[in-house]
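Please read this briefing alongside the sequence and the 3D view.

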Amino acid sequence: MNFQFSLTIYTLVIIAISLVIVLTTFGRAVTINGSSNEIKNTLDSLLIVLMSLIIFKLVLQSFVVTFAAIKAYKGEYYRYPLTIRVLR
């Protein structure tokens, strides 16, 4: 539960940064009278980056959860990596 919460926080941060990049790039393209093809290419490339980040997050989550399940089955203690420790 704690690991999924951390991944959600990291994903939201990446989305916020991506939105700033999209708005900045789009605003720059519009103010310098960029062609619609240039704007389309910029937004398409940003969409590809966002989709690859989402796929990476899903793959990472599936590997880490599977590894934790194997550790738990063996009776070993496992701490999820990159987890924000909210409660002690």
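The points below describe a predicted model, in order of topic.

The chain has 2 helices and 0 strands, and 14% of its 88 residues count as buried. Numbering starts from 1 along each chain as its sequence is written, and side-chain values use heavy atoms, with hydrogens and water left out. Local features need pLDDT of at least 70 and side-chain atom pairs count only at pLDDT 80 or more, while totals for chains, interfaces and linings use all residues.

**Overall make-up**

- Helices (H or I, at least four residues) and strands (E, at least two) are DSSP runs, numbered from the N terminus.
- Buried means under 20% relative accessible area, exposed over 50%, and partly exposed in between (1.4 Å probe, protein chains only).
- The accessible surface of the chain is about 7,000 Å², and 72% of that belongs to carbon and sulfur atoms; areas come from the Shrake-Rupley method with a 1.4 Å probe, and for residues only the protein chains shown count as cover.
- Of the contacts between residues at least 6 apart in sequence, 59% join residues at least 24 apart, a contact being heavy atoms within 4.5 Å.

**Largest pocket**

- A pocket is an open set of points on a 1 Å grid over the protein atoms alone, where a 1.4 Å probe fits, with protein on both sides within 12 Å along at least five of seven lines; lining residues have an atom within 4 Å of a point.
- The largest pocket holds about 170 Å³ of space, the volume being that filled by probe spheres set on grid points joined across faces, edges and corners.
- Its lining consists of 11 residues, with Thr11, Ile14, Leu53, Ile54 and Lys57 nearest the centre.
- Two or more lining residues come from each of α1 (2-31) and α2 (36-73), and α2 gives the largest share, 6 residues.
- By type, the lining has 9 nonpolar, 1 polar and 1 charged residue (nonpolar: Ala, Val, Leu, Ile, Met, Phe, Trp, Tyr, Cys and Pro; charged: Asp, Glu, Lys and Arg; polar: the others, Gly among them).

**Salt bridge**

- The structure holds 1 salt bridge, defined as a side-chain nitrogen of Lys or Arg within 4 Å of a carboxyl oxygen of Asp or Glu.
- Lys71 pairs with Glu76 in a salt bridge, with 3.0 Å between the closest N and O atoms.
- Lys71 is partly exposed at 22% relative accessible area, and Glu76 is partly exposed at 38%.

**Helix packing**

- Ser18 lies in α1 and is buried, with a relative accessible area of 13%.
- Leu46, in α2, is 28 residues from Ser18 in sequence, with 7.8 Å between their C-alpha atoms.
- Leu50 is 32 residues from Ser18 along the chain, and their C-alpha atoms are 7.7 Å apart.
- Leu46 touches Ile21 and Val22, leaving aside residues up to four places away in sequence.
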